[in-house]
Amino acid sequence: MTDNSDKRFHITTEHSKELPNQFFKKSHELIFSQLALTAREHDMMALFLSRLNREHWTDFLEKRDIHAPQYTFHADVLKDWFGLSSKQLYPTLRPVAERLSSRKVGLANDSAEEFDFIPLFARVKYSKGALTIVPNSELINAYVDYSAGHAQINHHAFRSLKSEHSKRLYTLLSRFKDSGTHLHPQRIESLHALYGLLDEKGKLLKKSYSQNKVFIERCIKKPIEEMAKCLEVSKDLEFLIDEKSGNLGFAPVMQGRRIIAIEFLYRWKMSDNQAEKLARAELEQETVPDNPMLQLVREAYQIVMAHPLEGNLNEKHLLALQSVEMGIIALPEDIVFDDAFKSKLNQAWG
């Protein structure tokens, strides 16, 4: 097999000081993707994201290069990031890299008989103490498009967490730090997807998670308890107590006697961090090619609001609208799914 790595734009990280001092970024689309990762895989993914920069993709975006850039992290960086010795690097990172290289993100719509599963990476390689990651160029929008929103994640706090569910929930809460943003109550079914608990057919990987008591204990209570006890996390994030249930950090949303959703109760202490706000504002000015799924949402919105004057909705439009409902795609400010839209949607689709 021909090795094309020398033709790629190559980003090498030899020292930890080349990484961000505090935060790494993760796009809204990646945060709300259906992706199951172990704790170590979360950390390896975070290492890659901490070095990711849209400028690395300039030649690819402008069609001067057909290859995605590759990212190489040398031993000193790996030892510091993962808290390992030189002898521990190979045996510890090999199974992590092997699993991560097979992970996929995607959307599925059984009613329309459509699915799209995309591998995260084209290659994950370890040689002579260095880890090389080549991202899948099919996910370029998910990786470097922050126009739909993103999280600034404190990597010191993130890496100090031991549970994969704690890392997942910490990332989700990090998406909603600013006073103008709010994480709405999340339906149990949506949380199953966000926590990566579903297979490619949308079925729970473990039947025990179908029991709300088990799911809440393992994926809500324990992660919140771990974060509350973690010094790195508690510096910036405070969990509140639900007066009605006495739960720390969350309140169940009931329908009769059944829990149908979870409202997270938390407060960021450092929401006025000026450096973070500046970084966020700069990112919001960046532009990348429009996400194809977002283009379909815009098309669907225009068709619905102009019904019956402009075209017809198809199954792809419906898939895009469902991805909005699931939180995988964030709506831009100029599109509002209000009661008027929902009423017209029923007419346009019906």
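Tutor: Before we start, one definition: a residue is called buried when its relative accessible area is under 20%, exposed when that area is over 50%, and partly exposed in between. Please also keep in mind that this is a predicted model.

Student: Where does P119 sit, and what is it in contact with?
Tutor: P119 belongs to strand β5, which covers residues 114-119. If we set aside the neighbours within four places in sequence, P119 is in contact with R103, K104, N136 and L139. Take K104 from that list: K104 and P119 are 15 residues apart in sequence, yet from C-alpha to C-alpha they are 4.1 Å apart in space.

Student: How much of the whole protein is buried?
Tutor: Of the 350 residues in the protein, 47% are buried. The secondary structure comes to 15 helices and 13 strands, and among contacts between residues at least 6 apart in sequence, 69% join residues at least 24 apart.

Student: Let's switch to helices. At what angle do α4 and α5 pack?
Tutor: Helix α4, residues 75-82, and helix α5, residues 86-100, pack at an angle of about 75°, and their axes are 10 Å apart. Angles from 65 to 115 degrees count as roughly perpendicular, so α4 is roughly perpendicular to α5.

Student: Which residues meet there?
Tutor: From α4 there are A75, L78, K79 and F82, and they meet S86, L89 and L93 of α5. Sorted by class, this contact of α4 with α5 has 5 nonpolar, 1 polar and 1 charged residues.

Student: Which residues of α5 are buried, and what do they pack against?
Tutor: The buried residues of α5 are L89, L93, V96, A97 and L100. These buried residues pack against α2 (39-51), α4 and β6 (121-127).

Student: Where does α5 bend?
Tutor: The bend is at L93 and amounts to about 35°, and a proline, P95, follows within four residues. As for the length, the 15 residues of α5 should span 21 Å at 1.5 Å a residue, and because the end C-alpha atoms are 21 Å apart, the two values agree.

Student: And how do α8 and α10 cross?
Tutor: The axes of helix α8 (residues 164-174) and helix α10 (residues 212-229) come within 8 Å and cross at roughly 80°, which makes α8 roughly perpendicular to α10. In this contact, H165, S166, L169 and Y170 of α8 meet R218, C219, P223, I224, E226 and M227 of α10, and the residues divide into 6 nonpolar, 2 polar and 2 charged.

Student: New topic: what is the phi of K63?
Tutor: K63 has a positive phi of about 65°, although K63 is not a glycine. You will find K63 in the loop between α3 (58-61) and β3 (70-73), and because its relative accessibility is 75%, K63 counts as exposed.

Student: What about K128, then: where is it, and is it buried or exposed?
Tutor: K128 lies in the loop between β6 and β7 (130-135). With a relative accessibility of 86%, K128 counts as exposed. K128 has a positive phi of about 55°, and K128 is not a glycine.

Technical notes: Residues are numbered from 1 along each chain as its sequence is written. This is a predicted model: local features need pLDDT of at least 70, side-chain atom pairs count only at pLDDT 80 or more; totals for chains, interfaces and linings use all residues. Side-chain values use heavy atoms; hydrogens and water are left out. Axes are lines fitted to C-alpha atoms, for helices over the stretch in contact, and angles run from 0 to 180 degrees between N-to-C directions. Helices (H or I, at least four residues) and strands (E, at least two) are DSSP runs, numbered from the N terminus. Angles under 35 degrees count as roughly parallel, over 145 as roughly antiparallel, 65 to 115 as roughly perpendicular and the rest as oblique. Contact means heavy atoms within 4.5 Å. Ala, Val, Leu, Ile, Met, Phe, Trp, Tyr, Cys and Pro count as nonpolar, Asp, Glu, Lys and Arg as charged, and the others, Gly among them, as polar. The expected span of a helix is 1.5 Å times one less than its number of residues. The bend at a residue is the angle between axes fitted to the seven residues ending there and the seven starting there. Buried means under 20% relative accessible area, exposed over 50%, partly exposed in between (1.4 Å probe, protein chains only).
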